[in-house]
Amino acid sequence: QVQLVESGGGLVQAGGSLRLSCAASGRTFSSYVMGWFRQAPGKEREFVTSISRYGSTTYYADSVQGRFTISRDNAKNTVYLQMNSLKPEDTAVYYCAAHNRAVFAGAFDYWGQGTQVTVSS
């Protein structure tokens, strides 16, 4: 089992940047596929991006493609989300997630508590 703690959220103006971090507990971080999701007020939680165990494969939602970058540092048990060119519609609580299923596109089983990102216009 893995525990996840996000940080780095905050208030930023449209066009600005933020970098989120997600620190994971345990010694087997590299065995987990990691992802980021977000949930805006009144909306369902949606997928943002994911990264394979050693970072060779990434996948992005169309809405963030070209603006957000996911990366990981297995030596630090941390996954990052670099968010550039932020838009007001990116405002949401951002959640870090993990799974260790056999397939990259498996369902996520472990979740952080979330960090708020607010983008002002």
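Reader: Which residues have the most contacts inside the largest nonpolar core?
Author: Met 34, Trp 36, Val 79, Met 83 and Tyr 94, in a core of 29 residues. A nonpolar core here is a set of buried Ala, Val, Leu, Ile, Met, Phe, Trp, Tyr and Cys residues joined through side-chain atoms within 4.5 Å. Buried means under 20% relative accessible area, exposed over 50%, partly exposed in between (1.4 Å probe, protein chains only).

Reader: And which elements give two or more residues to it?
Author: Among them are E3, strand E4 (33–39), strand E8 (78–83) and E9. Strands (E, at least two residues) and helices (H or I, at least four) are DSSP runs, numbered from the N terminus.

Reader: What are the ground rules on the model?
Author: It's a predicted model: local features need pLDDT of at least 70, side-chain atom pairs count only at pLDDT 80 or more, and totals for chains, interfaces and linings use all residues. Residues are numbered from 1 along each chain as its sequence is written, and side-chain values use heavy atoms, leaving out hydrogens and water.

Reader: Switching topic, how many disulfides?
Author: 1, counting cysteine sulfur pairs within 2.5 Å. Cys 22 and Cys 96 form it, with their sulfur atoms 2.1 Å apart. Cys 22 sits in strand E3 (residues 18–24) and Cys 96 in strand E9 (residues 92–99), 74 residues apart.

Reader: Is Cys 22 buried or exposed?
Author: Buried, because its relative accessibility is 0%.
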